[in-house]
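Hi,

Here is the structure I promised to pass on. Have a look at it first, and my notes follow below.

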Amino acid sequence: MPWIVGVSGASGTPYAAAVLRALLDAGEGVDLVVSRASRLTLLDETGISFRDAHWREDLGEWLARGADGKPGTYEVDLTGVRHWNAGDLAAGPSSGSYPCKGMLIVPASTACVAGVALGLSKDLLQRVASVTLKEGRKLVVAVRETPLNGQTLRHLVALDDAGATVLPASPGFYAGATHIQDLVDFVAGRVLDAAGVRHSLYRRWKGELGGGGGAAGSS
């Protein structure tokens, strides 16, 4: 069964790319929903236009790039990916009977958070999130916004109460980051940790002080 990955319009498309690459590297199937707003963000952050009719070509170009925007950084096999149009409310994942492991929203905008918390289902991404909650499946919401106002905080509490994992896109520095990709991979790794998917995206804490500084100094 696949993981459903929803990409909303928040800044942070490198986070989504890192999660998608790691899922595929782990042999996981992926059902992908890219919101209309996220396509504008992707175009702004990478220069890539994500087109439904050419989604495989555009996704391949996107996932091949590192967080620094350099093309051809990664080799990616898209065999395990299925794409669903964000406006298709009759898509497979819109039903609770569609088999999947759960959903990861990376990154999650405050508008997306509000829509899911209120059960609006205005597009496929929000609909799938609502289905995921009602079916009791894993939902990880990697919110990417700062600062957070009271309304958004209440929405996040509502998602937590509903059983979702609220995971702010907050990179940690103890893993010895020396490059922007390291910080992106830390957040992506925490998303996969919450989903229970194995990965090797960052150095884990082992109770030994100075490990991060040593890694940075040796690079």
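To start with a cysteine: is Cys112 buried or exposed? Cys112 counts as buried, at 6% relative accessibility (buried means under 20% relative accessible area, exposed over 50%, partly exposed in between, with a 1.4 Å probe and protein chains only).

Before you read on, note that this is a predicted model, where local features need pLDDT of at least 70 and side-chain atom pairs count only at pLDDT 80 or more, while totals for chains, interfaces and linings use all residues. Residues are numbered from 1 along each chain as its sequence is written, and side-chain values use heavy atoms, with hydrogens and water left out.

**Cysteines**

The structure has 0 disulfides (a disulfide being a pair of cysteine sulfur atoms within 2.5 Å). Cys100 is in none, and the nearest cysteine sulfur, that of Cys112, is 16 Å away. Cys100 is buried as well, with a relative accessible area of 6%.

**The sheet**

There is an open sheet of 6 strands, in the order S3-S2-S1-S4-S5-S6, with parallel pairing. Strands (E, at least two residues) and helices (H or I, at least four) are DSSP runs numbered from the N terminus, and two strands pair if DSSP finds at least two bridges between them. S3 (81–84) and S6 (165–166) are the edge strands with a single partner each, so one side of each has no neighbour in the sheet. S6 is joined to S5 (residues 138–143) by 2 bridges, and Val141 sits opposite Val166 in S6.

**Helix H5**

H5 (residues 124–134) packs on the sheet, touching S1, S2, S3, S4 and S5 (contact means heavy atoms within 4.5 Å). Of the 11 residues in H5, 9 are buried, including Leu124, Val128 and Leu133. At its start, a side-chain oxygen of Asp123 comes to within 3.3 Å of the backbone nitrogen of Leu125. Gly136, with a positive phi near 70°, follows H5.

**The core**

The largest nonpolar core has 38 residues, and Leu23, Leu32, Leu59, Trp62 and Leu104 touch the most other members. Such a core is a set of buried Ala, Val, Leu, Ile, Met, Phe, Trp, Tyr and Cys residues joined through side-chain atoms within 4.5 Å. H1 gives the most to this core, with 9 residues. Leaving aside neighbours within four places in sequence, Leu32 is in contact with residues including Val5, Leu20, Phe50, Leu59 and Trp84. Another core, of 24 residues, lies apart from the largest one, and Val33 and Ile105 are among its members.

Cheers

Methods:
Axes are lines fitted to C-alpha atoms, for helices over the stretch in contact, and angles run from 0 to 180 degrees between N-to-C directions. A polar contact is a pair of N or O atoms within 3.5 Å; within protein, one must be able to donate a hydrogen and the other to accept it, and residues adjacent in sequence count only if both atoms are side-chain atoms.
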